[in-house]
Amino acid sequence: MLAARFSTASAPIMKLGLSASSAFRRLLAGSRSLLPVPPFTPLAQFQSPRRGLFLLHLCLTPTDVFLDLANTLVERNTGLCQVALAVKPAAGAESALKGIGDRNAAEAVKNILEMARRSLTRREVIHTDFLTPPVLRESLLALEKLADVKAVAQGGYPEAERCRLSVGHPDVMQTDPDVVSALSITGNFNFDGCSHGDFLGAILGTGIAREKVGDILVQGEKGAQVLIVPELTEFVVSSMDKVGNVTVTCTPIPLLALEYEPPRTKTSKTVEASLRVDAIASAGFKISRTKLVDLISNGDVRVNWAPVTKNGATLKTGDVVSVSGKGRLKIGEITETRKGKYAVELIRYL
């Protein structure tokens, strides 16, 4: 068990230039050198003169101490906002995770709940990287079930899909943190237009992880505007000089300078015998149910940005259904008719 948890926690430390075995030996040596104290009594922080790494020692089991060390090293030395490693389940975490069907989303939400616990313990505000819409949605729902936790989602503009989440005690987080920055990417795109994927590929080509980048607003001949974590703006400005074959210039801009348009939608209604995704989506996208079943089998249908694996998956108000090549559909109000069927409001994004 110890070896398994040690292996899980060692990866982020190795990124800092400190091997896992070296860190663990240093940890044990440090623990033995400390004066005896009562169990579970926190000890003072100290700084390693050789590497300048801040280590936090607790009088716990070696496994618990090492995992807290891993979290401390990552958070204090990378300078980047990350979801903390899970050390212990947050209070109420199990009940808060109920109902999350997607395994990856559930694991991400579990980590964010642990991050919330740590923020309360340390009396500080902690920020995630940019989260995908399903993870963001489930995280906000889960955090609502916890006491004394305030959560703020920010994507840079009202309609943002990818957002960062800041969590902390309400007394500590009295104002919304400034955790999103914007860049304008300009160049001569008149004869060589670039897509969303072209801009994203160019940014990731500088070595930045996808989680550090938010939405990308493509502006045709003008280029694009990109949301990004503030600590990487200067790096992108100095590192990115091309998108496709077009030479570009990157310039930081205020969030108020973002040019976006609220999405255009068209609302309709359908009456169905069930709330199955194949029935509702076929009516919303105006394609046959057989065709939609084929699309589900091919992995081309997503609900809340997660692939649908079963035709009989049911929908509820607020769900977003997307079909490759067809666009997106949001489920509005659902009411039951006298005959026991369902009248469903469908909001189609144009």
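Modeller: Let's start with what a pocket is: on a 1 Å grid over the protein atoms alone, it is an open set of points with protein on both sides within 12 Å along at least five of seven lines, and a residue lines the pocket if it has an atom within 4 Å of a point. Grid points are joined across faces, edges and corners, and the volume is the space filled by probe spheres set on those points.

Colleague: What kind of model is this, and how are residues numbered?

Modeller: The model is predicted, so local features need pLDDT of at least 70 and side-chain atom pairs pLDDT 80 or more, while totals for chains, interfaces and linings use all residues. Residues are numbered from 1 along each chain as its sequence is written, and side-chain values use heavy atoms, leaving out hydrogens and water.

Colleague: What volume does the largest pocket have, and which residues lie nearest its centre?

Modeller: The volume is about 1000 Å³. The lining has 30 residues, with Glu159, Ala160, Glu161, Trp305 and Arg328 nearest the centre. Helix H6 (133-143), strand S7 (213-218), S14, S15 and S16 each give two or more residues, and S7 gives the most, with 4. Helices (H or I, at least four residues) and strands (E, at least two) are DSSP runs numbered from the N terminus.

Colleague: Why is valine 344 called buried?

Modeller: Buried means under 20% relative accessible area (exposed is over 50%, partly exposed in between, with a 1.4 Å probe and protein chains only). Valine 344 has 1% relative accessibility, so it counts as buried. This valine sits in strand S16.

Colleague: Which residues does valine 344 contact, beyond its neighbours within four places in sequence?

Modeller: Contact means heavy atoms within 4.5 Å. Among the partners of valine 344 are Ser268, Leu275, Ile280 and Ile331. Valine 271, 73 residues away in sequence, is 6.2 Å from valine 344, C-alpha to C-alpha.

Colleague: What makes helix H9 mostly covered?

Modeller: In H9 (residues 277-285), 8 of the 9 residues are buried, including Val277, Ile280 and Phe285. The buried residues of H9 pack against several elements, among them strand S11 (265-272), helix H10 (289-297) and strand S16 (342-349). Lysine 286 follows H9 and has a positive phi, near 55°.

Colleague: How do you know whether serine 119 is buried or exposed?

Modeller: With 1% relative accessibility, serine 119 falls on the buried side, and therefore counts as buried. Serine 119 lies in helix H5 (residues 103-122). Not counting residues up to four places away in sequence, serine 119 touches Glu124, Ile126, Val167 and Gly168.

Key: 1 Å grid on protein atoms, 1.4 Å probe; cavity = no way out; pocket = protein on both sides within 12 Å on 5 of 7 lines; lining within 4 Å.
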